[in-house]
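Student: Please take a close look at the aromatic part of this structure, and explain the criteria as you go.

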Amino acid sequence: MDKKILMMGASALMLSAFGTTAAFAQEESVTEEKIIVTGTRRTARSAADSPAPVDVITGDEFVNQGATDMTDLIRLSVPSYNVNQQPINDASTLIRPANLRGLSPDETLVLINSKRLHRAAVITFLGGGISDGAQGPDISTIPALALKRLEVLRDGAASQYGSDAIAGVMNFILKDDAEGATFEARYGSNYDNGGDVYSVAGNVGLPLGDIGFFNITAEYSEQDPTSQSVQRDDAADLIAAGNTAVTDALQFIDTDNAQIWGQPRIDNDIKVFINSAVQFSEHGELYAFGNYAQRRVEGGFFFRNPTNRPGVFAGPLVDPLTGVLDPNGVPSVLVGNLAGVDASACPAGIPLTAGGGLIPDPTVLGIVTADPNCFSFVEMFPGGFTPQFGGNLTDRSIAVGVRGDLQVGNGLSYDVSYKYGKNDVNFFISNTINASLGPDTPTSFNPGGYTQEEDNINLDLAYGIPVAGFASDLNIAGGFEYRVESFTIRAGDPASTARGPLFVRTLAFPNGQGFSSSSNGFGGFIDSTAGTFRQKSAAFYLDAEADVTDNLILQAAVRYEDFNTFGSTTNFKLGGLYKVTDNFSVRSTYSTGFKAPNPGQANVVNVSTAFDSTGQLVDQGTLPLSSAAGQFMSDFIVSQGGDRPTLGPENSDSFSGGVAFKVGPASITIDYFNIKVTDRIATSSPQDFVAALRQVAADNGVAVGANDSTSQLLNALDTAGVLNIGDFAGSEDLTSFQFFNNDFDTRTEGLDFVVNMPIELGRGSTSLTSAVNYNQTKVIRPGNIAAGRLAQLEDNLPAWRGSVTLNHEEDHWSGLIRANYYGKYFEDNLDANLTFPIDVGSEVTFDAQLALKFADRYQIAIGANNILNNFPDENPFSGVVGSKYPVTSPMGINGGFYYLRLTAKLP
């Protein structure tokens, strides 16, 4: 080895004390031990000697798969990590929430090169119970080709890393090669229903003289949508009754179904990562890394039925012949008077008397159509409509720092860094309307957007102190972190928030016209809710670790953190590993942890379309607990004998214990974990705003109509002096809303079982890996959560997940076979509070790949995930909204996926 390699190798060992990648990679071929930097602040700590379990997944393992999205790649490699395809799930379709060890996405801390990855701007409003209200990072911005390895610490680590590290820590270590290049192109598609995926990627390492490197990775990909749908029952009934325009309701994909369930369309998906370092002395270096990413994601929403969608189509009971208001009449399609509030000049509604009560009466429809002052949306959308919703996302970050070793005593290691991260989402919605604008409504809107920004300043120090009788120095590490986190809400375009002439809240229905305001499906953010909200925190930590004897390793950490919004918290961790023999070790940790509410959770405003507990589609809002509506509902809950909702940090207590041993050539680990989380931060169960307003009106002697809408109830209470309606701007259309609070406690416990074993076949290299996870969550304090959400929290993820992978490589070919097991689970379909409960059985899928190498630098691989094209149990309620399969299926709903990959590696 020349002087350059020796110098860089020494630097790598020195600088890894802080869990950061060094200028040049260690020669891992020297030892079979996997050196880790996560969960420890010691130099050259191996995964086998860690008091807590750490999975190490190499970059090659990620690249050697068919999927391109990082969340799917991790799902196939880590059984305790779950993610589904999120069809029709509001902004969750844009950035899919993933769960480690059955906990919320933002209860797992994500690092890049051991520095905190900023959150995404998207908040999960419809998260299937488990992820409701989560705001985690967007790891889909990371191209697989950029990775040297991923380290997954399956243990609580808030005392080491700060907020969010409750379920564990995922640390993505970037490539640091100073030479060579890899390029790849891949194509894949589902066996049925399309979903083509195209991607090209490249990684290039460049030297910076003899003292540094510059490594860059870029990827471009696109994904077509899929549909695993059946025709909705109501849409089928409309078609059978003669309304063939229903087949034109959906413009997003070529199908006659009124609504689709499947993966979204992703266009212009660009990911770029850089990683660089330059030595300025024998004992120090300057480093930098960062990224830029963008993509456009678009999917479908729920079908708007042209006979009964409230605020658009659903009218009052009317005379079946004239359309005049009649409380004993028949259902109708809503009619508005464009001339003004004197709605009596137009029919109150178009009677639904034709086609068995599903088609508007042609005579009254003709009257409405002929009169320029009368209008109904069946003129514009005779078959109803299905909004298309999506977002344009951009992500960028930069980290710079200086690290090294001061030649003081045994060497004081230091790392000083600054990192900035920003994630933007600009929402769009099309094929929809603002009903209050009548025929003047546009059909495409920009409802506004969110921005998440984070600034992090870190100082990390480490020093080894000789201790008499210890088998190693006592490694003392300490440091400081200062964070500023901001969340910005941008107002939507005027049409997305407008209250047009058909929205008149001061008159009784139907004279008040009865049409909803704002862009239907995803209302725009109004000016009064727009703004930037910040949170600052400062933290100090102290960490100690040593080999007390050759067989005993002990670890301790404590961290104090103060937030300008929620006060301070102190957390600690104790851990140890004891080597009973050279082939048998026991390990255990105990730690406390926390997660503070972020500015987005405390201040976000959103309106989504969701199903209520009666199975009806309604507009459901998310409002700050501090808002007028939030405080109104909080006071109402107290008046009804409930506890006042609060929003503050959640806390955790985590225990893990396990063994690691060898049986012949097989390495086996078994780890038990128990995580108690109190005062979990999440969105509340939907609060019945209308019912609360009615009760307050009754308590104050205010007369209201039996069918009064939210805006009419607010107006009546305003007139009576009970409240100020101006404080409730943006809430007038909501029948229910939710807010972030600390509502319930859970306990999650389980087992991780991992086996790695080489197999001697007499030729080539063969290995067998088996990983099994058992995971069970129990709600130990339910608070005010609904029964359906409680069931989702406890049973929506399979209790058992596992995989067995066989790899073989020799000469110019390699192969992979993997079996995946997904245990049974429960789905509260449509989050409708057990209106549509589904018990889903277990499933087994198989993956396979064959790769051929030629000319020493090229490879062609063909493979398939779910090669037998298996699907989850069919949805017994598929006719309700057209979802053929349970949409939260952990194995996905698209069936088999085949792919072809071409790779070139250049020296």
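**Aromatic rings and their surroundings**

Tutor: Tyr450 has a relative accessible area of 0% and is therefore buried, where buried means under 20% relative accessible area, exposed over 50% and partly exposed in between, with a 1.4 Å probe and protein chains only. The model is a predicted one, in which local features need pLDDT of at least 70 and side-chain atom pairs count only at pLDDT 80 or more, while totals for chains, interfaces and linings use all residues. Residues are numbered from 1 along each chain as its sequence is written, and side-chain values use heavy atoms, with hydrogens and water left out.

A pair of aromatic rings is described by the distance of the centres and the angle of the planes. Here, rings of Phe, Tyr and Trp (its six-membered ring) pair if their centres lie within 6.5 Å; planes under 30 degrees apart count as stacked, over 60 as edge-to-face and the rest as tilted. This rule gives 31 aromatic pairs. In one of them, the ring centres of Phe427 and Tyr450 are 5.4 Å apart and the planes stand at 85°, so the arrangement is edge-to-face. This pair links distant parts of the chain, since Phe427 belongs to strand β21 (residues 412–430) and Tyr450 to strand β22 (residues 444–465), 23 residues apart. Strands are DSSP runs (E, at least two residues), as helices are (H or I, at least four), and both are numbered from the N terminus. Phe427 also counts as buried, because its relative accessibility is 2%.

Another edge-to-face pair is formed by Phe522 and Phe525, so classified because their centres are 5.9 Å apart and their planes lie at 70°. Phe522 is buried, with a relative accessible area of 0%, and Phe525 counts as buried at 2% relative accessibility.

A charge sits over a ring if NZ of Lys or CZ of Arg is within 6 Å of the ring centre and within 35 degrees of the ring normal. Arg41 lies over the face of Tyr161, at 5.4 Å from the ring centre. For Arg101, the charged end is placed over the ring of Phe673, 3.9 Å from the centre of that ring.
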